[in-house]
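Me: I am new to this structure. Please show me how to read it, one feature at a time.

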Amino acid sequence: MKKTFIYFSVVLLAANTGCKKYLEHLPDNRTELNSPEKVSQLLGTAYPQANYMEFCESLSDNVADKGVGEQDRTNVDSYLYKDVADNQQDSPEYYWNACYAAIAAANHALEACNTASNPADYQAQKGEALVARAYAHFMLVTLFSKVYDPATATSDPGIPYVTEPEKVVIKNYERKTVSYVYEMIEKDLLEGLPLIVDQQYTVPRYHFTKTAAHAFAARFYLFKKEYAKVIEHANQVFTSSNVTTLLRPWNTTYLTYTYREMWAEYAKATQSANLLLGETPSWWGRYYYSVRYGMTSAIRDEIFASNVTGGNWAFRNHIYTAGTNNYMIPKINEYFVRNSVNANIGVGYIMVPLFTVEEVLFNKAEANNALNNTNDALTDLNSYASTRITGYNTATHRITETKIKNFYGTSNLQNGILQTILDFKRAEYAQEGMRWFDILRHQIVVTHTTTEGEVIELGENDLRRVLQIPETAELSDVDQNPR
């Protein structure tokens, strides 16, 4: 059941889109999937309609205990590294269910494509369905299984990889292994990507275009540690040598925006940096700055006070306060949909940037660094910094080997470049939950403290790094994760 909240006028921070959902209308559930157009409509639901931002951000080192604030169950339990008791919007269980709902839609679409009398006419739909199915499984295995490790992936429990529509009330599923899940993701991704036809989409940013699929592939291979393939797919995103034209203009255009304009702009389909957007019912836009465990002044300074360029982050011009110790970057905007025209209750929706140009550039830089292409990695980082440092000047702010070694106090350039990438990503995606994925990949130790004096450390191999599989999944014979 969805939460319903009394509507307050402050929720509609800008009347730029009206109170409506964004994705195409769903087909009537009695409609026979007998045309490519009807299958395309169904594929509007083949993307997880749930938000991971709250629990991922609350698990990370981007938050601290303010002592006071909104007592949201997902935020509280995640910060304390307890299995989240809530199962509604923004919770891990809600996300689990939404991913499998998206997979079910993709599987129904694939069945229609494969059984059509004219399957050649359905190839574009088949491509989108395969890549969407791969993406939902990738997010599930990333969050609910141990992070991919070539040494243990063949024995680490994965998540059920579902390839057929459910036609019984309760069906048993096998988790198999992380290695198996990765093999299936790769199979679907590589089969589906060449079939995608961008021209079939009314609003491409709400679907896997070829570019968005390449962005997904770059992320997938970064997790799989196949770095040459990361670069191969990232290069398909950057079709010109001038990467900076695709990045968000934080140190130019954005500097002129009010916070309301920033809220309206960040997740727009017309923003070139947004490669794939997902519509999600969520209250995170309402609470991301006022929850008890969130960005504090100390965390703000840790992330944004200084950086290797020696310049100031342009982000700092858009960090606002909303009461004592509530810091907010206006990126997460709620669109409130009333239950009816005259109702005062309804559901909040947030558009989540699932893939961005910035992430692709970071992934490419990390892959270059891992392959010891340090000059190429520095070029990638300097492209990024040129759009993020206030008053950027190449002579003053260019990132060099010497700057990195001095800033991080290291003699190992590769280690310094990696730390630069991770710090830049932390600043770029603050309050969006993306930091958690780097914490998983690099086994970064996180320490959470409470105002009551409790210290909770999440070590490199802590079982709590893996989210608990919902108890309801046991009905399908899916074992929970160890604790």
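Me: Does Gln431 count as buried or exposed, and why?

Reply: This is a predicted model, and every value here is computed from it. A residue is called buried when its relative accessible area is under 20%. Gln431 has 2% relative accessibility, so it counts as buried.

Me: Where does Gln431 lie?

Reply: Gln431 lies in the loop between H16 and H17. Its backbone deserves a look too. Gln431 is not a glycine, yet its phi is positive, about 75°.

Me: Which residue other than glycine has a phi near 65°?

Reply: That is Asn372, and the value is positive. Asn372 sits in the loop between H12 and helix H13, which covers 374-385.

Me: Now the whole protein. How many helices and strands does it have?

Reply: The secondary structure comes to 17 helices and 10 strands.

Me: What does the radius of gyration say about the 483 residues?

Reply: The idea is to set the value beside the one for a compact globule. For 483 residues, such a globule would have a radius of gyration near 23 Å. The protein has 22 Å, which agrees. The C-alpha atoms fill a box of roughly 65 × 50 × 45 Å along the principal axes.

Me: What share of the residues is buried?

Reply: Buried residues make up 58% of the 483. The accessible surface comes to about 19,600 Å², and 49% of that belongs to carbon and sulfur atoms.

Me: What share of the contacts joins residues 24 or more positions apart?

Reply: Take the contacts with a separation of 6 or more. Residues 24 or more positions apart account for 71% of them.

Me: Next, the spaces inside. How many cavities of 30 Å³ or more does a search find?

Reply: A cavity is a space where the probe fits but cannot get out. The search of the whole structure finds 4 cavities of 30 Å³ or more.

Me: Which residues line the largest cavity?

Reply: Arg219, Leu222, Phe223, Glu359, Asn363, Lys425, Met434, Phe437, Asp438 and Arg441 do. Helix H7 (210-224), helix H12 (357-370) and helix H17 (435-441) each give two or more residues to this lining. By class, the lining has 4 nonpolar, 1 polar and 5 charged residues.

Me: What is the volume of the second largest cavity, and what lines it?

Reply: Its volume is about 50 Å³. The lining residues include Tyr52, Arg219, Glu359 and Met434. Strand S8, residues 345-356, gives the largest share of the lining, 5 residues. The classes are 8 nonpolar, 1 polar and 3 charged.

Me: And the pockets? Which residues lie nearest the centre of the largest one?

Reply: A pocket, unlike a cavity, is open. The largest pocket has a volume of about 660 Å³. Of its 34 lining residues, Lys146, Val147, Asp149, Leu440 and Gln443 lie nearest the centre. H7, H12, helix H16 (413-428) and H17 are the elements that give two or more residues to the lining. The lining divides into 13 nonpolar, 10 polar and 11 charged residues.

Me: Which residues are closest to the centre of the second largest pocket?

Reply: This pocket has a volume of about 450 Å³. Of the 20 residues that line it, Trp96, Tyr100, Glu166, Tyr173 and Ser476 are closest to the centre. The lining has 13 nonpolar, 4 polar and 3 charged residues.

Note on methods: Residues numbered from 1 in each chain as written. Predicted model: local features only at pLDDT ≥ 70, side-chain atom pairs only at ≥ 80, totals over all residues. Heavy atoms only, no water. 1 Å grid on protein atoms, 1.4 Å probe; cavity = no way out; pocket = protein on both sides within 12 Å on 5 of 7 lines; lining within 4 Å. Points joined across faces, edges and corners; volume = space filled by probe spheres on them. Helix = DSSP H or I, 4+ residues; strand = E, 2+ residues; numbered from the N terminus. Nonpolar A, V, L, I, M, F, W, Y, C, P; charged D, E, K, R; others polar. Rg over C-alpha atoms; globule rule 2.2 N^0.38 Å. Buried < 20%, exposed > 50% of the residue type's maximum accessible area, 1.4 Å probe, protein only. Contact = heavy atoms within 4.5 Å. Areas by Shrake-Rupley, 256 points an atom, 1.4 Å probe, with all protein chains shown as cover.
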